[in-house]
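User: I have a structure open and want to go through a few parts of it. Can you take my questions as they come?
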Amino acid sequence: MYCLLKALIWLSLLPSPTTTKKTLSSTALRMEQQGLVDIGKKDPTIRVSLMYSRADNFCGTVLYHDLDRAYLHPLAADALVKAQRSLKQIRPDLSLKVYDAARPMSIQQQMWDRVKATSKRIYVSNPAHGGGLHNYGLAVDITLCDARGDTLPMGTKIDHLGKEAHIDNEKELVRRRVMTEEARQNRVLLRKVMTDAGYKPLRSEWWHFNLRSREEAKRHFKVIR
């Protein structure tokens, strides 16, 4: 009887699947319920620092009040893991660092509402037109970091909205000393590992990469709620 009682007490202390689920925030739980993948679980070597969970972003406010995990569609997550492996082969001392990934359409609406009456609206996809690739879990905002997690020089900080962040005039920016050659080479390395994994860069934002086109997303994928 004593042994049985001891076993029952021991079993009661074990975490159940439901207990594990409760540790997720409501937003993270909704992400998982929609079939999205937690990048931190997929590849723990990929760093995550969501910029919209802080106020130091172009909106100047916190948009993710209960989210600190980066989620992606499984296809995009697999491609990101491939990019990380490619980077580690070239530079074992470096890592990818995610600043934004899957974004619920409700957050996209908040973002749009903040910028729609400003010049920054050209950088934000209008939810009324179907949003952007972040809203399907098919886009990622990303940079490179060292073993300590410190970001490498990239010419501008991530989320800088201006020509200095464009990828089609980088040599000219170096020539004019707007950015360093080291920063340009870091951008080139980031683009190489991401494009080799199947992602496509965005001309106006060195940190933004899409796995699919907007047309493909609207036809074959579901919006994140």
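Predicted model: local features only at pLDDT ≥ 70, side-chain atom pairs only at ≥ 80, totals over all residues.

User: Which residues of α3 are buried?
Analyst: α3 covers residues 26-33, and T27, A28, M31 and E32 are buried there.

User: Why do they end up on the same side of α3?
Analyst: They cover an arc of only 135 degrees around the axis, so they sit on the same side of α3. As background, an α-helix has 3.6 residues a turn, so residues three or four places apart point the same way.

User: Switching to strands. How many residues of β7 are buried?
Analyst: Six of its six residues; β7 spans 205-210 and is mostly covered.

User: Which way does β5 run against β7, parallel or antiparallel?
Analyst: Antiparallel, with three bridges joining β5 (residues 139-145) to β7. One of the pairings is D141 with H208 in β7.

User: And how many bridges between β6 and β7?
Analyst: Three, again in the antiparallel sense, with β6 made of residues 200-202. L202 stands opposite E205 in β7. The two strands, β6 and β7, are joined by a hairpin through two residues.

User: Now W206. Where does it lie?
Analyst: W206 lies in strand β7.

User: Why does W206 count as buried?
Analyst: Buried means under 20% relative accessible area, and W206 counts as buried because its value is 3%.

User: What does W206 touch, sequence neighbours aside?
Analyst: Not counting residues up to four places away in sequence, W206 touches I142, T143, M154, T156, K157, I158, A165, I167, R187 and L190. With T156 there is also a side-chain polar contact of 2.9 Å.

User: How far apart are W206 and G35?
Analyst: They are 28 Å apart in space, C-alpha to C-alpha, and 171 residues apart in sequence.

User: Last one, R191. Which helix is that in?
Analyst: R191 is found in α8, residues 181-196.

User: Is R191 buried or exposed?
Analyst: R191 counts as buried, because its relative accessibility is 17%.

User: What is R191 in contact with?
Analyst: Leaving aside neighbours within four places in sequence, R191 is in contact with I167, E170, P201 and F209. The side chains of R191 and E170 are joined by a polar contact of 2.8 Å.

How values were computed:
Residues numbered from 1 in each chain as written. Heavy atoms only, no water. Buried < 20%, exposed > 50% of the residue type's maximum accessible area, 1.4 Å probe, protein only. Helix = DSSP H or I, 4+ residues; strand = E, 2+ residues; numbered from the N terminus. Arc of directions from axis to C-beta. Pairing = 2+ DSSP bridges. Contact = heavy atoms within 4.5 Å. Polar contact = N/O pair within 3.5 Å; in protein donor to acceptor, adjacent residues only side chain to side chain.
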